[in-house]
Amino acid sequence: MTTTPEEELRRKLASVPRGQVGWSQFEDVACEVLTYLFVPPLERPRRQVRTYSGIDRRDAVFPNRNRGSGNPWGQLQDEVGARLLLVEFKNYDGQEVGKDEVNQTSGYLTEPMGKLALIVSTKQPERAAYVKRNSIWSAVRKVILFVTVDNLREMLYMKERGEDPADLVIDLLEDFYLSWE
C-alpha cells in the first residue's frame with residue numbers, strides 16, 4: 001500500500017526525538033511540512049536568515065507575495081502586514097515555550113517583514129507566553145501565533161481532504177483576537 005505525502009510527513013513528525021538532541025531534525029521536518037502545506041502560494045522559505053550584523057538569526061522566513069483578500073495569505077498581508085512569514089521552531093521536551101521565546105520572536109519582526117510570526121513547538125506554551133504575546137500586540141501590533149505539532153498534523157489532514165491548510169492559520173489568528181485583553 002502506498003503512503004500519501006501527508007502520511008509520510010506525519011510519520012516524520014512523530015519520529016523526531018524531543019528536546020535538544022532532535023532540535024535540528026525537528027526544524028528540518030517542520031519546515032518541510034510547512035513548505036508542503038504553504039508553497040505555493042507562499043514562496044520557498046529562506047532558512048537560518050541572519051541580519052546584516054549577524055546578531056539575529058531567524059529559523060525560516062516564507063516570502064508572501066499574495067495581494068488582496070481573495071485568499072488567506074492575501075488577507076494576512078492586508079490585515080497584519082504579513083509581507084514575510086517568520087517561523088521559529090522550538091523542539092522542547094521538559095520545558096515549555098515561555099515569554100522569553102515570545103520576546104525573541106517579536107524582536108525578529110522588523111517593519112519591512114511585517115507583523116506576523118509563528119512559533120512552531122512540540123508543546124503548548126506556558127501561560128506567561130500568552131500574556132507576553134498579548135502585551136506585544138497591545139504595544140506594537142505584532143501577532144505571534146502558537147502552532148503545535150498537533151496543528152501541523154491537522155493541517156496535513158486538511159490538505160489531504162482538499163481544504164486550504166492556511167485556514168487553520170486564520171483560525172488561530174481569530175482565536176488570538178478573541179482571547180486578547
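How exposed is R141, by relative accessible area? I looked this up first. R141 is partly exposed, with a relative accessible area of 40%. My classes: buried is under 20% relative accessible area, exposed is over 50%, and partly exposed lies in between (1.4 Å probe, protein chains only).

The model is predicted, so I took local features only at pLDDT of at least 70 and side-chain atom pairs only at pLDDT 80 or more, while totals for chains, interfaces and linings use all residues. Residues are numbered from 1 along each chain as its sequence is written, and side-chain values use heavy atoms, with hydrogens and water left out.

**Backbone entries**

I placed R141 in the loop between α5 (127–140) and β5 (143–148). Helices (H or I, at least four residues) and strands (E, at least two) are DSSP runs, numbered from the N terminus. I then checked the phi of R141. The value is near 60°, positive in a residue other than glycine. Most residues other than glycine have a negative phi, and most peptide bonds are trans.

Next I went through the peptide bonds around P40. V39 and P40 are joined by a cis peptide bond, with omega about -20°. P40 and P41 are also joined by a cis peptide bond, with omega about 20°. I find P40 in the loop between α2 (23–38) and β1 (46–50). P41 is placed in the loop between α2 and β1 too.

**Salt bridges**

How many salt bridges does the structure hold? I have nine on record. My criterion is a side-chain nitrogen of Lys or Arg within 4 Å of a carboxyl oxygen of Asp or Glu. Side chains of opposite charge can pair when their charged atoms come close.

I opened R11 and E8. Their side chains meet in a salt bridge at 2.4 Å, N to O. Both residues lie in helix α1 (residues 5–15), three residues apart, about one turn of the helix. R11 is partly exposed at 46% relative accessibility. E8 is partly exposed at 28%.

I turned to helix α6 (residues 149–160). There R153 and D150 are three residues apart, so about one helical turn separates them. They form a salt bridge, with the closest N and O atoms 2.5 Å apart. R153 counts as partly exposed at 25% relative accessibility. D150 is exposed, at 52%. An α-helix has 3.6 residues a turn, so residues three or four places apart point the same way.

E154 pairs with R161 in a salt bridge, the closest N and O atoms being 3.0 Å apart. I note E154 as partly exposed at 31%. R161 is partly exposed at 47%.

I also logged a network of salt bridges that links E27, D28 and R47.

**Buried residues**

Which residues of helix α4 are buried? In α4 (residues 99–108) I list E101, V102, T105, S106 and Y108. Seen down the axis of α4, these buried residues fall within an arc of 155°, so they line one face of the helix. The arc is taken from the directions from the helix axis to the C-beta atoms.

Last, I looked up D59. It lies in strand β2 (residues 57–63). D59 is buried, with a relative accessible area of 3%. A polar atom of the D59 side chain lies 2.8 Å from the backbone nitrogen of F89.

Notes
A polar contact is a pair of N or O atoms within 3.5 Å; within protein, one must be able to donate a hydrogen and the other to accept it, and residues adjacent in sequence count only if both atoms are side-chain atoms.
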